[in-house]
Structure formats: C-alpha cells, structure tokens
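Here are my notes on the two-chain model you asked me to look over. I have kept them as numbered points so that you can follow along in your viewer.

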Amino acid sequence: MSEVLFEKVEKRFGDQVAVRGIDLLVRPGEFVTLLGPSGCGKTTCLRMIAGFIAPTSGRIVMGGRDITALPPYRRNTGMVFQSYALFPHRTVADNIAFGLQVRRLPRAECEARIKDALRLVHLEPFADRYPGQLSGGQRQRVALARAVVIRPEVLLLDEPLAALDLKLREELQVEIKRIQSTLKITTLFVTHDQGEALSMSDRVAVMHDGRIAQIDSPEMLYERPNSRYVANFVGRTNLLDVVVREKRGDGMVRVETDGADKASFIAAAAHLQIDVGARCLLGVRPEHFHFGDGRANVIQAKVRGATYLGSIRYVEAEGPAGQSFVVQVRPGEPAPARGEVVLISWRPESCFLLTE
Amino acid sequence: MIRWFALRATLFLTFAFLLAPVCVVVIASFNGGPVLSFPPRSFTTHWYALIKPEFFAALEVSLIVGAVTALLSVGLGLPAALALSRGRFPGRDGLNAILLSPLIVPALVTGVALYQFSLTFWDLTHVVLGGTLIGLIVGHLTFGIPFSVRAILAGHARFDYALEEAALNLGATPLQTFWRVTVPVLRPSIVAGGIFAFVMSLDDVPIALFIGGGDATTLPVRIFTTVEFDFGGDVMAIAALIVGGSIVLMLALDRLIGLDRLFGARA
C-alpha cells in the first residue's frame, strides 16, 4: 500500500508531446482509472510508473520514494499487460514463481505464496498447464496472480480486458475489483472503455491530449462533468448553447437559448462561478429527459427516429432551433411516433452547466 | 474420391522420388554380388567390416567440425540477429546484406576465396589455416552464421517485447531477463539454426575440398576422393551408416524436443 504522486510529469517523443505536465496523487489503496481515447497519453503514464520509459521532466514518487530515475526492476510495481505477456515456456505455477525466484525467496515461502495466488484467482487445478493451453480469461488471471504475488506497492493494469469478449470482460471486472479490495492494493487502471472505468474505480481521470481533463468519482464525473469533452466522452449528453440571464438566491441560474425562440430554462449552478451574460452549455443526460410538461424546464421537439438497444430505447428528436436531442424512453412508456411533435421536460437539479 | 486418390498418388510418387536413391544405397550395401548391380543377388554384411579406418577418422573430423561450427554459429548468430532486429544503427542494412550473401554466393566461389585467404593469412601471420580443423571451422562459419541468423530472425519476428518488460517489471535484471526469458522463448529457432549449421557443415564438399585435406579431411571429401578411384561396397556401407545415423538423430530430436516445435509450429 503506497501512494503514487506525479509532479509536473511531461513526456515528449521527438516533436510529439505525449504527456503535458500532469499532477496526480493516487492515495494508498485507491483504485484510479486513466480513461481516454488511444493517443491521449494514458498508457505512457502507466509505463512511466513501471519505469519502461522515463519522463522528459517532472518527478514520480511512490511510497515516499522518488523513483523517477530507478530502472523497472528496482521499483516493485506489478503490471498486467493487454497481451498477457505470460512466459510461454513456463507453466502457470512457474510464471507466478518468476518474480519470487529472481527475488531469491526461500523455496517454502515461494510455494506458499504461489498457492495463495492460485487460490486468489481460482486457478489451482491449472498450476501445471502451459499458457498455450489456457483460455484468454484464464491467461489474464494468471497474469494478475503473477503481478500481485510479488506484493507490489502499486498494481498497474494496461487495458487488461481489451482482448476479451463482453461477458468475460464483465466477469473479470468483478474479479479484478474483488482482488483489489481483498489485497487493498493501490491500483492504476488504463482503459478506453467508460463502462469499465465507471464500474471499477474509486476515481476516474479522464485524459485528453496529454492532460487530465477531469479527475473525480464516477458519480461526479457523470453527473457534473466539467467540460464538453468529458460530458461527451462519458455517457451520452444533450448540449444546448445558452446565455446566463439571471442568478437566483437558491443556487439556481436562469439561462436562455441563443436562437430566435429565446426559450428559458432553470439550471443548478451552486458549484460554479458564473456571471450574468456568460455563454455556456446546458447539459442534460438522455435519461433525465421526460416526455410531457411535468417539470420546470420544457422544450418542444419533433421526433426524428428511435433506436432500440434491448434494455433501453432512445428517441432522437429535433428542437425548435434545429438542435438534436436524444431522449431515453422509460420502461413501459410508449415511444412517440416519428414526425410527432412532443414536449420534453426536465428538472433543474438534473442538468448541468459547462462554462467552457 | 478421385481427388483423394490423386492426392495420395502424388504424395506417394513424391516420397518415392525422394527416398528411392537412399533405399537403393542401403540395399546395395548388403549386396553380396558385384558392386553396383541392382537388384542384389545375395545378402552380406562384409562390406561393413571392410570400411577403412580413415573413413572413421574422417567421420570424427566431420562431427567435430559440425558441432563446433553449430555452437559458434549460434553463439555469434544470436547477438547478431538481436542487433539486426532490434538495433537502429548505421550500416544495419549493409550488415544484413552481408549476412545474407554467403547463402547466395556459390560455395565453390567461397571455397576458392577461402583458399586464397588462407595463403594471404599465412603470408601475414605464418599461421596455417589450410588443412587444419580451425581452417575448416572458419570456412564453415561463413555459411553457418548466416543460417543461424536467418533462423533466429525468423523466430524473432513474432517476439512479444512485453515478455521482457514483464520480466523486468517482476524484478529481473536485464541479464536475468536475457537468460530466463529471451533465450528460452527464442530456443526453438536457436536450436533450428544450430541444426541447420551442423547439417550444412556435415554436407559441405566444395569448401572442405579447398581448405581441408590432410588431417582435416571430412567424410564427404573422403568419400568423394575415394569414389574417384575405387567405387566399392565399403562406400555403400558408410553411406548406409550415415542414413541410419540421420534417422536416429531425427527420431531422438523429435522425442526430446519435438520436430514441429523445433521448426516453429508450437502451441
């Protein structure tokens, strides 16, 4: 259990800047996910903690020790790779034993720890198999056991589930989370899958172009994104261009749309420093829209189509100024027909303002 | 059905074409009648008793030269292959081409060049290469190293660098990583390269003809020179022994390592 600290960490590859001055503190035992599209610098950050690449400038501190200049084999991190990276010439047990053997641990302790690790990932019957004889999910569990058996200060997971199919991915998400909370190990998880990030993490850092756009709990990230980028990357969002018209005493602001129709809405903005006259974006998640005029904010729209996704159904609609909306239809509620003009309403508390 | 039959027939004819001369040699070595008559008239093993001691001495030379060539080829070929596939240094493409060229240049040309080289080398250093085991080994390394490098490069093309990163991450030093991960993972192609070098060395006539001779006469050269004057049953017998030895070697390798694994097709 150690903390990981990034101080103004920057990484350039030639002219390319992969990481632009990141400050980040991962607390002991915390599960932090670096979320972002490929090329945003998230894997570079992870590889700098492991020591495979050195930062161009800045410091990385782990457990109170400056590790910026240490080679990977002196760092005591446990990494799980997307390609599993299991040693093909060693059995499952020998793969797990590798880190213990190079540490020259007594044989008895090695064997006890390997047994524990195998039990932790439910692979006791497979100890003598070779990686080539295992399924993808089993291989990834061996990789996980191999990484935690050395009792690393930090567990580093580099898109460990990307190569697996959906069902297995969900199973292993639960498994990884269970192991992480059993061992209470500080964990950095890299993924481009927002579902994985939201379901597993204590905090999620959304990365964009070498910077952390927002770092927050999954709930805050989803309910109160701080930028158009985060709002669009995490879940679906309806965004309206608005101008602030009035600040009210109860933490609410009144905003107006920019277009000719001048529709007026109320939004919660207690957490924002915002001035009258400022341009901003009003964001509403599809599931916070209701059909009908039962709530404080109402807008008229024409139904353009519908998408059925099994557990949920979306309706696409067009607003008076040509804005497009996505509305989630509630279970049991009839979906309006294409071409129908409907009223869409939402509560002031369930929308957010972006000052960007 | 017709397709199945055609496939089987083609397979049979191919094997017959490849193996018939070998079978003829083995059968002829047991022929009691006049040499080179086929089919044999009577059965005898006395040709085997007539094999001259110089053939066994030549076999010993061949095996020593082959083994040393194989070991040195792999020992020098592995670092070369790693440098070629991982390094970014000036002259890399040139080195690659040089390591490929002995596979393109006819062995006879290499043999002449080596002969010339051994004379020049003697002029400069008064060290004798011609007719010595060291000279033979140097000669055979000219194709042994390229063969090993090619074999290891082929195996290395699918190497997952994450394996080495995983080892470093688990606390292995770069040297431990090399011996415990890189070498074992590349072992099938290293062994294949070594076997290639050994077999090529055993098989070589042109280079051994120019640089060998005297105490450094290999078995193929001995057979070659003997056949020129005296084509007897003892030559058939030694040829049959080589066939038998090759079969035993292949079976042993298959049992010990697995031939499919050795040549790349592993799970």
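1. Chain A has 8 helices and 20 strands.

2. Some housekeeping. This is a predicted model, in which local features need pLDDT of at least 70 and side-chain atom pairs count only at pLDDT 80 or more, while totals for chains, interfaces and linings use all residues. Residues are numbered from 1 along each chain as its sequence is written, with chains lettered from A and ligands numbered from 1 in the order in which they are written.

3. On overall dimensions, the C-alpha trace of chain A spans about 75 × 45 × 40 Å along its principal axes. For chain B, the corresponding box is roughly 70 × 70 × 30 Å.

4. Next, burial. A residue is called buried if 20 or more other C-beta atoms lie within 10 Å of its own, exposed if 12 or fewer, and partly exposed in between, with C-beta atoms placed from the backbone. By that count, 41% of the 356 residues of chain A are buried, and 33% of the 267 residues in chain B.

5. Contacts here mean C-beta atoms, placed from the backbone, within 7 Å of each other. Of the contacts in chain A between residues at least 6 apart in sequence, 65% join residues at least 24 apart. In chain B, residues 24 or more positions apart account for 75% of the contacts with a separation of 6 or more.

6. Now the interface, where 18 residues of chain A meet 17 residues of chain B. On the chain B side, α7 (161-169) and α8 (174-203) each supply at least two residues, and α7(B) gives the most, with 7 residues.

7. In chain A, have a look at the open sheet of 6 strands, ordered β6-β7-β8-β3-β9-β10 with mixed pairing; strands pair if DSSP finds at least two bridges between them. Its edge strands, β6 (77-80) and β10 (211-216) of chain A, each pair on one side only. Within the sheet, β7 (residues 154-158) and β8 (residues 186-191) of chain A run parallel over 5 bridges, and Val154(A) has Thr186(A) as its bridge partner in β8(A).

8. Just after α5(A), Lys184(A) takes a positive phi of about 50°.

9. Which residues of α5(A) are buried? They are Leu172(A), Ile176(A), Ile179(A) and Gln180(A). These cover an arc of only 95° around the axis, which puts them on the same side of α5(A); the arc is that of the directions from the helix axis to the C-beta atoms. As a reminder, an α-helix has 3.6 residues a turn, so residues three or four places apart point the same way.

10. What covers its buried residues includes β3 (31-35), α3 (107-120), α4, β7, β8 and α6 (194-200) of chain A. The face turned away from the buried side carries exposed residues, among them Lys167(A), Val174(A) and Arg178(A).

Conventions. Helices (H or I, at least four residues) and strands (E, at least two) are DSSP runs, numbered from the N terminus. Two residues are in contact if their C-beta atoms, placed from the backbone, lie within 7 Å.
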